[in-house]
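Subject: Structure for your reading

Dear colleague,

Please find the sequence and the structure below. I would be grateful if you kept them open while reading the notes that follow.

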Amino acid sequence: MNHPIDELRQHRLDKLERIRARGDEPYKYSFQRSCTVAEARLALEQAESAAGEGQEITPIPATLAGRLVALRKQGKSSFGNIRDERAAIQLFLNQNVLGEETYEALKDLDIGDFVGATGHVKRTRTGEITLFVERYEILSKSMKALPEKYHGLTDVETRYRQRYLDMVANPEVLDRFRARIAMINAMREFLVARGYLEVETPMLHPIPGGATARPFITHHNTYDRDLYLRIAPELYLKRLIVGGFEKVFEINRNFRNEGVDTRHNPEFTMLELYEAYQDYNGLMVATEELFCAAIEGVLGTLEFDYQEDRIVATRPWKRLGLFEAIREYAGIDLERTRDRDAAAALANGAGVHVDASMGYGKIVDAVMSEKVKPQLVQPTFLYDYPIEISPLAKKKRGNPDLTERFQVFIGRLELCNAFSELNDPIDQRERFEAQVALREKGDDEAQYLDEDYIAALEIGMPPTAGLGIGIDRLAMLLTDSASIREVIIFPQLRSIE
RNA sequence: GGACGGGUAGCUCAGUCGGUAGAGCAUCGGACUUUUAAUCCGGUGGCCGCGGGUUCGAGUCCCGCCCCGUUCACCA
């Protein structure tokens with residue numbers, strides 16, 4: 001068989017042989033760089049500005065390492081480019097300098113190999129910052145052809161399945177994930193500075209709680225029992241508030257056995273925080289501050305573009321009652337109508353599809369999702385949600401049909417969910433029982449009754465407000481990404497058999 | 001799960017009416033001592049996503065399936 005892959009592979013194997021035959025090792029154990037490529041470039045630029053316009057400067061000695069990303073041979077001299085994590089630099093390789101034998105050995109280098117090189121950094125006469133190489137060595141041999149240099153790798157499936165290749169071929173992908181990391185760091189620093197404790201709670205739950213979603217089920221052999229990958233950390237974080245911590249947060253993965261689309265990945269990262277003696281009013285302020293810290297931490301400004309829209313996130317953000325928003329954007333009033341069928345009729349009239357299984361709360365939620373959310377470009381709080389779809393939130397003062405709950409929307413993305421936490425154990429039990437009743441009627445997303453959580457509330461939980469932020473979606477917003485898969489480094493794809 | 005779009009060389013893509021499977025880059029050989037998508041000459045490289053069908057003949061038409069994207073449904 002003469003497959004091209006075999007041929008290319010054979011060429012590389014031959015090169016490995018030749019390298020080893022020279023007594024060299026194509027997979028080195030370490031390499032001592034004098035600095036990074038970016039540092040070398042900066043050193044030259046600083047020397048230049050110190051010397052002044054048009055002055056001769058002394059070339060800067062440097063030993064650099066990186067992946068060889070281009071090699072232009074021109075007879076007895078050659079140009080290459082290496083790239084390390086942060087920057088790329090041109091190499092100049094000349095037979096007179098390297099010696100005939102070493103220069104000849106360039107034949108055994110391929111684009112994709114890691115190379116270490118020692119020489120002096122200066123500009124070529126075309127002005128390109130270049131390492132004039134005096135010694136080089138191969139550090140690691142690549143056995144595969146890299147994607148084409150000009151177009152890069154654009155095939156979305158390959159980009160997601162082989163993210164490492166995406167990162168090699170498209171360096172801006174590194175920037176996107178750096179932005180995500182910077183965002184998380186900014187939020188963590190903000191919270192730690194305000195005295196929140198970062199905690200870790202279980203990923204394996206005996207009862208999946210804290211959200212309405214289908215769980216992944218797994219099995220623990222020693223205890224011979226099924227466990228669930230957590231759909232939310234909420235109930236454990238609130239147990240910590242019961243235990244005596246007053247400000248806690250966790251940034252970690254949740255798993256939900258639901259559909260996959262541009263805004264949903266089966267595993268996703270959530271920041272949840274809880275603060276004792278706080279309610280949703282105070283939390284709205286803190287939420288605004290936290291979001292702004294994240295946005296400025298990444299972008300350095302509160303004004304930015306997301307897809308087609310210009311977002312201006314300067315505070316204060318718009319606040320709208322949920323029903324007010326529905327009146328404004330859907331043109332119907334669902335607040336006065338607590339009757340399920342009347343609400344369904346109004347929703348239908350507004351062009352929102354309602355099916356028979358949906359109760360009042362879900363109808364309100366559907367109208368919000370279809371008619372309100374698509375209008376919420378600028379940062380907006382929606383607050384006061386129906387009790388039916390908020391089983392862990394405290395009833396609104398003066399209106400037991402509503403809960404003290406809010407969500408934040410930016411760029412049509414739903415980014416967080418927060419409420420005054422329900423800490424009345426008797427009310428909580430009734431809410432759980434309502435969920436169990438829904439489950440018995442066939443709603444497999446209804447929540448489970450968690451007796452131990454009730455027991456914790458019976459010990460006593462102070463007044464508390466809590467918040468959950470979809471980290472991946474916020475990363476989408478701050479990196480102008482249309483799909484959640486662009487900000488999840490290894491997104492979930494169907495496996496190929 | 002439905003609708004729409006896509007899957008051809010390692011990568012990026014053409015492929016007309018059903019008639020010998022193409023280009024650029026990469027790769028291999030040659031030329032070249034300041035190039036940077038280097039250039040010039042020559043060569044190698046294909047399960048056309050998979051499986052059926054129609055046909056003298058299928059990358060192309062038909063049917064089924066797989067995978068990806070967008071979208072709708074569900075969810076955050």
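Predicted model: local features only at pLDDT ≥ 70, side-chain atom pairs only at ≥ 80, totals over all residues.

**The surface around the RNA**

There are 55 residues around RNA strand B, and those that come nearest are Thr126, Lys149, Glu157, His264 and Arg485. Of the RNA strand B atoms that come within 4 Å of the protein, 61% belong to sugar and phosphate. By residue type, the surface near RNA strand B comprises 24 charged, 20 polar and 11 nonpolar residues.

In Thr212, a polar side-chain atom lies 3.0 Å from a phosphate oxygen. In Asn265, a backbone N or O atom lies 2.7 Å from a base nitrogen.

**Domains**

The domain assignment divides chain A into domain 1 (4–146) and domain 2 (172–317 + 378–486). The centres of domain 1 and domain 2, taken over C-alpha atoms, are separated by 49 Å.

**Two buried loop residues**

Asp110 is in the loop between helix H4 (100–104) and strand E4. Is Asp110 buried or exposed? With a relative accessibility of 10%, Asp110 counts as buried, because the cut-off for a buried residue is under 20%. The side chain of Asp110 makes a polar contact with the side chain of Arg12, at 3.3 Å. Apart from neighbours within four places in sequence, the residues in contact with Asp110 are Arg12, Lys15, Leu68 and Lys141.

Thr124 belongs to the loop between strand E4 (114–123) and strand E5 (129–140). Thr124 has a relative accessible area of 14% and is therefore buried. If residues up to four places away in sequence are not counted, Thr124 touches Phe79, Gln90, Thr130 and Phe132.

**A buried strand residue**

Phe249 is located in strand E10 (residues 247–255). The relative accessibility of Phe249 is 0%, so Phe249 counts as buried. What surrounds Phe249? Leaving out residues up to four places away in sequence, Phe249 touches Arg188, Leu191, Val192, Tyr196, Leu197, Glu198, Val199, Glu272 and Leu273. Phe249 and Leu467 are 218 residues apart in sequence, yet their C-alpha atoms are 9.1 Å apart in space.

**Helix H14**

Helix H14 covers residues 451–459, and among them Tyr453, Ile454, Ala456 and Leu457 are buried. These residues lie on the same side of H14, because they cover an arc of only 155° around the axis.

At the start of H14, a side-chain oxygen of Asp450 comes to within 3.2 Å of the backbone nitrogen of Asp452. Just after H14, Gly460 has a positive phi of about 125°.

**Backbone geometry**

Most residues other than glycine have a negative phi, and most peptide bonds are trans. The residues below may be read against that background.

- Gln307 has a positive phi, near 50°, and is a residue other than glycine. Gln307 sits in the loop between strand E12 (303–306) and strand E13, and is partly exposed, with a relative accessible area of 35%.
- Asp480, also not a glycine, has a positive phi near 55°. Asp480 is in the segment after helix H15 (471–478), and is partly exposed at a relative accessible area of 36%.
- Arg315 and Pro316 are joined by a cis peptide bond, with omega at about 0°. Pro316 lies in the loop between strand E13 (309–312) and strand E14 (318–321).

Yours sincerely,

A colleague

Notes: Residues numbered from 1 in each chain as written. Chains lettered and ligands numbered in written order. Heavy atoms only, no water. Buried < 20%, exposed > 50% of the residue type's maximum accessible area, 1.4 Å probe, protein only. Helix = DSSP H or I, 4+ residues; strand = E, 2+ residues; numbered from the N terminus. Arc of directions from axis to C-beta. Polar contact = N/O pair within 3.5 Å; in protein donor to acceptor, adjacent residues only side chain to side chain. Near = heavy atom within 4 Å. Nonpolar A, V, L, I, M, F, W, Y, C, P; charged D, E, K, R; others polar. Domains from an automatic or database assignment. Contact = heavy atoms within 4.5 Å.
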